[in-house]
Amino acid sequence: MNSNPEGHGNAQASIPSRLESRASRWRRPMGYLLAALGAAYAWSVMSAPIDSTQGIIQKILYIHPPLAYGAYLGFVITGVGGVLFLARQREDLDRLAVASAEVGVIFCTLMLVTGPIWARGTWGVWWSWDARLTVTLLLWFVYLAYLLLRSFSGSSPRTARFAAIYGVVGLVLIPLNYYVIEIFGSRSMHPENLERGSLGDGMGLPFLLGNLTLALAFFYLLILRWEVEAQRRLDDASTSSGA
Amino acid sequence: MSYLLAAYGITLIALVSYGLALSRERARLQAQNSPRGDESGS
Amino acid sequence: MNVALAILWKDLVSEWRSRDRVMAMLVFSILVAVVFYFALPMLRPEELSALAPGLLWTAYLFSALLGLNRSFALELENDALAGLALAPGNRGWIFLGKAAANWVLISIVQILTAGVFALFYGIDLVPALPGLATVVGLGTVGICAAGTLLAPMAVRTGFREVLLPVLLLPALFPILAGAVEGSGAAVAGRPIPFAALQLLLVTDGIYLIVAFLGFDYVLDE
């Protein structure tokens, strides 16, 4: 399905691109795999042993850290996609960048929701400036800024360029913020154990399945959102060319 | 226990409904974009 | 290189003629200092001076936002951005000129603000001066690098000035962390921790490079 409405120059170079088409072909099998993995994951979480010291709340371990894949990978893809978009002038990479930002911010938000729930359930406080949660919060603000920048700019070629630049800034901030929090950061009252209870017996499998399932979920949603972006731009192009 | 359910529940609902919303929009836009004269259906 | 110096000179001269940006930033900083006084009535003087580095940098950040917003406003109003974009050579030099001008103007405001803070909170800043000046100077390089890159973007979108803080503040957390740490040490008479200086230098370097290379895309019409 190629579209090339007359005369819009490079802007309408084929949507979807070859890369997008290839990614789309993976989506359906990924969906089936995701369903199967999800079922195995759910079963393994439910049958996992209950931690003697922390109680059942400990099982959040199987969902909170795995969300990190989406949260961090999301912005890495956005940043790198933006850079490649600038370098190669490929619109499909810009579409990937915006898709990755949206899916990534959802995973990041979920981390910020499940993290405090875990903290509240385990330590009794909702927020404690724990090192990792703080870095995630900072990342969340970068996501938000990126998405606000895109939405306030409307849709024009300039938007994509600006967003790509900010994407680089955000990308650089990921290691920088880690560095900051490590050196100066944690005013946290609680040790790192919030995230890494040592894995006892029977915890390895649900943890592994959790990581696999949520990582796969991220990529699945990413491809889906990428497709939607392509369709939206096609739609925009058709309406604006007066079809 | 309720905290646990909240965490898993919110995550599940958020991701699944997001995925469904995306699917619906994709289907709608694809239907909208295809019958137009200037591209071939797939 | 000449382009950078030319722009630096032009911006400084035009600011010298009107002085509106520096005035606005300075008044704002003083107001912030007063706001803090009212906002923290329960603190004893010693506690307040312990907080001073953090409060000072808060004032610095917000007045810098004010100044940066205006740094391209003049060009925007006169449609001069296109002319700027036509300047020969790498657009990165335009960035450097603009950033340097911002740095000079913001630094002037910062010096005066520090004086006001010293007055209001009864801190003797003189012994701390070399260390403090270094930290503030380095921190401001980072603020100006990121700010000069992002301001023209923010200003040309739908929400103009409101967007710049949203874009810039997340980028400045590393600067803020290092600067407050370093300033606190300087004011307390301690040697500045190397980690703080390192953080500032690394962040400054990264932002300068990214902005220099990326300014092309920011100025493109």
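**Reading an interface and a helix**

Reply: This is a predicted model. In it, the contact takes 24 residues from chain A and 31 residues from chain C.

Me: How much area do chain A and chain C bury between them?

Reply: The size of an interface is often given as the accessible area lost when the parts come together. Here chain A and chain C bury about 2500 Å² between them, with 80% of it on carbon and sulfur atoms. On the side of chain A, the most area is lost by Phe152(A), Phe162(A) and Phe184(A), together 25% of what that side buries.

Me: Which elements give two or more residues to the side of chain A that touches chain C?

Reply: They are helix H4 (131-153) and helix H5 (157-185) of chain A. The largest share, 15 residues, comes from H5(A).

Me: Which residues of H1(C) are buried, and why do they line one face?

Reply: An α-helix has 3.6 residues a turn, so residues three or four places apart point the same way. Helix H1 of chain C covers residues 2-18, and its buried residues are Ala4(C), Ile7(C), Leu8(C), Asp11(C) and Glu15(C). Seen down the axis of H1(C), these fall within an arc of 105 degrees, so they line one face of the helix.

Me: What does the face of H1(C) turned away from its buried side carry?

Reply: That face carries the exposed residues Asn2(C), Trp9(C), Trp16(C) and Arg17(C). After H1(C) comes Arg19(C), with a positive phi near 55 degrees.

Methods
Residues numbered from 1 in each chain as written. Chains lettered and ligands numbered in written order. Predicted model: local features only at pLDDT ≥ 70, side-chain atom pairs only at ≥ 80, totals over all residues. Heavy atoms only, no water. Helix = DSSP H or I, 4+ residues; strand = E, 2+ residues; numbered from the N terminus. Expected span 1.5 Å × (residues − 1). Buried < 20%, exposed > 50% of the residue type's maximum accessible area, 1.4 Å probe, protein only. Arc of directions from axis to C-beta. Contact = heavy atoms within 4.5 Å. Buried area = accessible area lost by both parts, 1.4 Å probe.
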